[in-house]
Structures are given as C-alpha cells and as structure tokens.
Amino acid sequence: MADLRTKIHNVDYKNPVLTASGTFGYGVEFDDFFDVSLLGGIIVKGTTIHPRQGNAYPRMAETAAGMLNTVGLQNKGAKYFKSDIYPNLLKYDTNILVNVSGSTVAEYVECAEIINELDHIAGIELNISCPNVKEGGMAFGTSCPSAAAVVRAVRNSYKKPIMVKLSPNVTDITEIAIAVESAGADSVSLINTLLGMAINAETRKPVLSTVTGGLSGPAVKPIALRMVWQVARAVRIPVIGMGGIMNATDAIEFFLAGATAIQVGTANFIDPMASIKIIDGIDEYLNRHKINSISEIIGCLQM
Amino acid sequence: MRKTVQNLKVIANLRLNDDHYILQLQAPNQLQAIDPGQFANLMVDHSPNVFLRRPFSIYSVDYENNTISIFIKVIGEGTRSLARLTANSSLSVIFPLGNSFTIPNSNEKVLLVGGGSGVASLMNLSQVLGRNKNEVVILSGARSSSDLVELDHFSRYGKLYTTTEDGSHGVKGYVTDHPVIKDELDSFSRIYTCGPDPMMKAVAAKAKLKSIFCEVSLENTMACGFGVCLCCVTETTQGHKCVCTDGPVFNTNQLKWQI
C-alpha cells in the first residue's frame with residue numbers, strides 16, 4: 001500500500017480523493033453504497049445564506065461524453081444546514097468542506113460566518129464560478145477585482161482554510177488564480193463547469209429551462225487538465241483538480257499536471273462507487289510504478 | 001431498503017414486437033423486498049452518446065429465482081442498445097430506487113390507468129394488489145394495438161380494458177373516453193396512473209373532481225437516480241422535489257399541476 005496522504009493548507013487528508021460539490025449531496029446519500037469515511041474529503045452541496053428553490057425543470061441535458069446542468073444552487077440555506085444536516089455529518093471521519101455561494105459579497109460573508117461555527121467542518125470551498133445563477137456566482141469569478149474582493153471579505157471573517165473554486169469561463173484562468181491567492185485563498189479548485197447549451201432540433205427549443213447550463217464529464221477533461229497545469233505553474237498555493245475524472249488514470253493525469261488533490265464529480269452519478277475505485281486505482285498505479293507516496297508524482301509531468 | 005449497485009446477469013431479453021422488449025435480469029444474491037413503483041437505473045454501455053444511466057420502473061420481481069424484469073420500449077440510442085442485449089451479458093444496475101405506491105386496504109376497488117409504456121410501472125403494483133385481494137380494474141391506453149403488449153399478463157391480476165387512438169383495439173379514443181372513467185369512476189376508492197403527462201393530468205383532473213385518492217408515477221430526466229444531482233425536480237406544494245427520491249410516486253394533491 002502506497003502512502004496516499006496529502007496536505008492542503010495544513011489540513012491532513014488521508015488520501016487525495018475528494019468528492020465535488022453538487023455531485024455527492026451531503027454524503028449521506030452514499031451511505032448505502034460505501035463507507036464515506038474512506039474518502040479524502042467531501043465537499044457538500046452549494047450552500048447560500050438564504051434558501052434557494054433553484055431553476056425550473058428541465059435542468060439537465062445529456063451531451064456527448066458529458067452532461068449540462070442548470071440546478072441553480074437549490075439548497076435550504078445555511079441555517080438549515082447547521083441545524084438539520086450538519087449533525088448527520090459528525091459520524092464521518094473525513095474532511096468535510098462546505099461549498100459557499102452568494103449573490104452579494106455580504107451574503108458570502110454571512111454564510112461563511114455560520115459555517116465558521118461548525119467544528120467538524122474543515123474548511124469552505126468558495127464558489128465564485130456557478131454558471132447557473134442570475135446574480136453572483138460566476139459573475140464574481142470572471143474578473144480579478146471582484147474575485148479578490150469576495151475572497152478578501154470572507155478571509156476577514158472565516159478562520160479556517162478557504163479553497164476557491166474557479167470558473168473556466170474566462171480568458172486567462174491564471175490571472176484569476178493569482179488574484180485570489182493574493183487576496184488570501186489557501187488553495188484553488190478547478191474547473192467548475194463550462195458554460196454550454198443544447199438544442200432540440202425537432203422542437204426547435206432549448207433543452208434547458210435556462211437555455212444555457214454547465215458542461216461536465218469526460219468532454220471537459222482536456223480543458224480541465226490544461227487549466228490545472230497552467231494554474232499550478234502560476235500560484236504557490238495547492239491546486240485541487242477536477243473536470244471529467246472518471247477513473248484512476250484520469251486522476252493520475254491531474255496529479256502529474258500539478259494537482260495536490262482531485263475531486264470526483266459527474267462520475268458519482270454514473271457509478272456511485274467511482275471515488276472508492278479511484279482511490280484503489282491510484283494505489284495500484286503507485287505500486288505498479290514502485291512509487292512510495294502520492295507526493296512523488298504531483299507536478300512531475302516529464303517534458 | 002438499501003440501494004445497491006450490482007452487476008446483474010441477463011437471462012433473457014424477450015422480444016414482444018419491434019419496439020417492445022422485456023429484459024430479465026438475475027441477481028447474484030437473494031433479492032431484498034422491492035416495492036411496487038420503485039425503479040432501477042441501468043448502465044447501458046460506455047458509448048459517448050449514452051453517457052448516463054437510464055431509469056426504468058421494475059416491471060416484475062421473482063423472489064424465488066432472484067430475478068427482476070424491466071420493460072423496454074425502444075425510443076432512442078439507449079433503449080436500442082438495451083434491446084440488443086443477449087443472454088449471459090452483464091448489466092450494472094442501481095436498485096431499488098425511489099418510493100412506492102401506497103397499498104390500500106384489502107377489498108377496496110382500485111383503478112389502474114396506464115398510457116403507452118407507462119403501464120409498465122403498474123405491473124408490479126397490479127400483482128401486489130391482486131395478492132392483497134383488491135378488486136383491480138386496469139385501463140390501458142395506447143396509440144395503436146401494436147403499443148398494447150403483455151395484455152394477458154395484466155388480465156391475470158384484474159379486469160382489463162383498453163383504448164387506442166386509432167380504434168385498432170378496445171374503445172377508440174383516449175383513456176378518459178372510456179366508460180370506466182366516464183361513467184363508473186365513483187365506484188373506485190383509488191386511482192393509480194402512469195403515462196404521458198397530458199394523460200396523467202387528465203386522469204388526475206377526473207379524480208380531483210370526484211375527490212378520489214390518486215397517485216401518479218412520474219418520469220423526469222435524471223443524472224443519478226438517488227437524490228444528489230437535483231436535476232429531476234417537479235414542482236410540488238412544498239417546492240421542488242426530486243422525482244428520484246421523493247417520488248417517482250406522488251399523490252396528485254401534492255403536485256402543482258394545472259388541472
């Protein structure tokens with residue numbers, strides 16, 4: 001067994017496999033399938049200060065090697081999370097991060113302050129990249145000053161590590177990464193979904209209720225890999241890679257590109273056991289290559 | 001009931017006609033209880049164009065042989081691939097998923113209304129109701145007689161009536177044109193229905209008018225089937241609910257339908 005332990009901003013992770021926000025519920029939905037505590041970490045569903053009903057149906061379109069979604073941050077709000085969901089997460093022996101979103105800087109801060117009161121939460125993932133909400137979300141993550149402003153404001157009131165989830169829907173993702181690093185981010189995770197669209201030729205109508213939505217799945221992996229590689233060379237803070245990771249080989253590619261850890265997203269929908277299989281597969285890869293520790297391959301792309 | 005992801009063995013893929021198949025799948029271990037209305041999410045293949053699993057209601061369950069069967073109507077690429085599956089192939093299935101129909105007291109007279117392949121969601125229910133000694137009437141509506149399959153099976157569990165839009169079988173017209181709904185609805189204490197949205201809404205409207213308990217099984221596109229993608233929501237009196245976990249069965253009074 002290779003050493004899969006990794007560290008992200010002074011927090012120890014038993015392995016580098018986390019589950020991506022919005023694809024793993026609150027973890028409890030997977031209790032029937034496997035012991036969730038085996039994961040390196042869970043990033044729970046996007047949470048906002050006020051409850052959100054999310055977008056209208058249809059919210060999903062299957063596309064070639066991927067899918068579009070427009071859920072629109074449906075959640076019951078930070079107070080409900082604290083009172084009704086958080087107690088169920090205490091049983092897990094793994095790092096739990098809460099994905100925090102908002103329409104204004106003040107909303108991000110208020111939400112983070114509530115999460116700050118929860119001892120069993122290891123950190124937050126600041127979502128400045130949701131493509132499916134009218135206000136906030138991706139709007140913050142597509143300009144350097146606004147991305148930095150959110151991070152700085154939350155940094156002032158949130159004491160534990162802040163991971164900032166970046167949008168790929170920008171001209172140069174490294175600029176945003178550098179901006180949030182300067183503003184106090186402890187790590188960056190990327191990529192969130194790519195803005196896309198699907199049309200039903202027969203009805204001549206858009207498939208999604210909001211016309212556009214976020215593309216995920218293997219279709220986006222080459223873009224994600226490229227962006228992780230670029231960002232890892234541009235910042236000093238850890239980079240958490242995601243985007244179309246379906247198996248351990250995909251995950252290894254992200255480590256080689258410079259990711260300290262990875263997140264499994266859309267694969268959870270298709271195979272609820274995907275993240276566990278990926279952990280086992282990483283171990284198998286390291287053993288096969290006679291590598292003792294995952295840390296020995298991070299950023300070790302041979303040019 | 002614990003949901004599981006299992007590789008099931010195809011023991012037969014019965015071709016009913018050009019478009020309709022019944023896939024029989026064997027579990028490696030003893031099946032746990034599967035309630036009527038619950039569904040399974042099938043991994044079709046690994047082709048880029050059929051990226052996600054496909055949800056199907058569990059058509060029938062055989063606990064003695066540990067088999068479940070799935071009713072397939074060929075519509076697109078995914079169902080075409082499933083129709084081509086041959087015996088001894090293996091299929092990854094997540095099941096049992098979702099809630100179930102509520103079962104009435106014995107001796108209550110109930111009406112099952114199926115539209116097109118939606119009737120498949122009612123087979124397991126009709127078996128359970130039969131065992132529960134309910135008086136069961138089944139009304140199956142379709143476009144044409146070629147869309148009405150497995151009639152022998154259904155008639156085993158209740159009195160069966162049919163409608164077709166082209167008049168090729170049973171009463172010509174929609175299910176709501178049938179005398180069972182037009183004239184005899186008062187005699188039923190419950191209605192269960194599954195089919196195209198306009199049909200279910202029409203049936204639900206009749207039930208509402210007569211204040212008869214009515215449950216529908218909904219089908220929305222979903223990515224996961226177990227409540228994490230939040231893509232399959234329907235509007236209810238309590239906000240958006242997931243068809244996969246809060247449903248697929250809903251009491252029509254819960255739904256924000258314009259009926």
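Reader: Hi! How many bridges join E6(A) to strand E14 of chain A, and do they run parallel or antiparallel?
Author: In this predicted model, E6(A) and E14(A), which spans residues 212–216, are joined by 3 bridges and run antiparallel.

Reader: Which residue is the bridge partner of A:Met67 in E14(A)?
Author: A:Met67 has A:Ser216 as its bridge partner there.

Reader: And what about strand E11 of chain A, how many bridges join that one to E14(A)?
Author: Strand E11, residues 194–197 of chain A, is joined to E14(A) by 4 bridges, and the two run antiparallel. One facing pair is A:Leu195 with A:Gly214 in E14(A).

Reader: OK, switching to chain B. In what order do the strands of its open sheet of 7 come?
Author: The order in chain B is E10-E9-E8-E7-E11-E12-E15, and the pairing is mixed.

Reader: Which strands stand at the edges?
Author: Strand E10 (171–172) and strand E15 (249–251) of chain B do; each has a single partner strand, so one side of each lacks a neighbour in the sheet.

Reader: What holds paired strands together, in general?
Author: Backbone hydrogen bonds, whether the strands are parallel or antiparallel.

Reader: In which sense do E11 and E12 of chain B pair?
Author: Parallel, over 4 bridges, with strand E11 covering residues 190–194 and strand E12 covering residues 213–217 of chain B. Within that stretch, B:Thr193 has B:Val216 in E12(B) as its bridge partner.

Reader: Now the two chains. How many residues does the contact take from chain A and from chain B?
Author: Chain A gives 35 residues and chain B gives 29.

Reader: How much area is buried there?
Author: About 2,600 Å² between chain A and chain B, with 62% of that from carbon and sulfur atoms. On the chain A side, A:Asp32, A:Tyr57 and A:Ile270 lose the most area to chain B, together 26% of what that side buries.

Reader: How many salt bridges are found across the interface of chain A and chain B?
Author: The count is 2 salt bridges. B:Arg54 and A:Glu62 form a salt bridge through their side chains, at 2.7 Å from N to O. There are also 12 residue pairs in polar contact across the interface of chain A and chain B.

Reader: Which elements of chain A give two or more residues to the side that touches chain B?
Author: Strand E5 (60–63), strand E6 (66–69) and helix H8 (267–270) of chain A. By class, that side of chain A has 16 nonpolar, 13 polar and 6 charged residues.

Reader: Back inside chain B, what does the domain assignment give?
Author: Domain 1 of chain B is 4–97 and domain 2 is 109–217, according to the assignment. Their C-alpha centres lie 24 Å apart. The contact takes 14 residues from domain 1 and 13 residues from domain 2 of chain B.

Reader: What's the buried area between those domains of chain B?
Author: About 1,200 Å², of which carbon and sulfur atoms give 58%. In domain 1 of chain B, B:Pro36, B:Tyr59 and B:Phe71 lose the most area to domain 2, together 44% of what that side buries.

Reader: How many salt bridges and how many polar contact pairs link them?
Author: There are 0 salt bridges between domain 1 and domain 2 of chain B, and 4 residue pairs in polar contact.

Reader: Which strand gives the most to the side of domain 1 of chain B that touches domain 2?
Author: E4(B) does, with 5 residues. That side of domain 1 of chain B divides into 8 nonpolar, 4 polar and 2 charged residues.

Technical notes: Residues numbered from 1 in each chain as written. Chains lettered and ligands numbered in written order. Predicted model: local features only at pLDDT ≥ 70, side-chain atom pairs only at ≥ 80, totals over all residues. Heavy atoms only, no water. Domains from an automatic or database assignment. Contact = heavy atoms within 4.5 Å. Buried area = accessible area lost by both parts, 1.4 Å probe. Salt bridge = Lys/Arg side-chain N within 4 Å of Asp/Glu carboxyl O. Polar contact = N/O pair within 3.5 Å; in protein donor to acceptor, adjacent residues only side chain to side chain. Nonpolar A, V, L, I, M, F, W, Y, C, P; charged D, E, K, R; others polar. Pairing = 2+ DSSP bridges.
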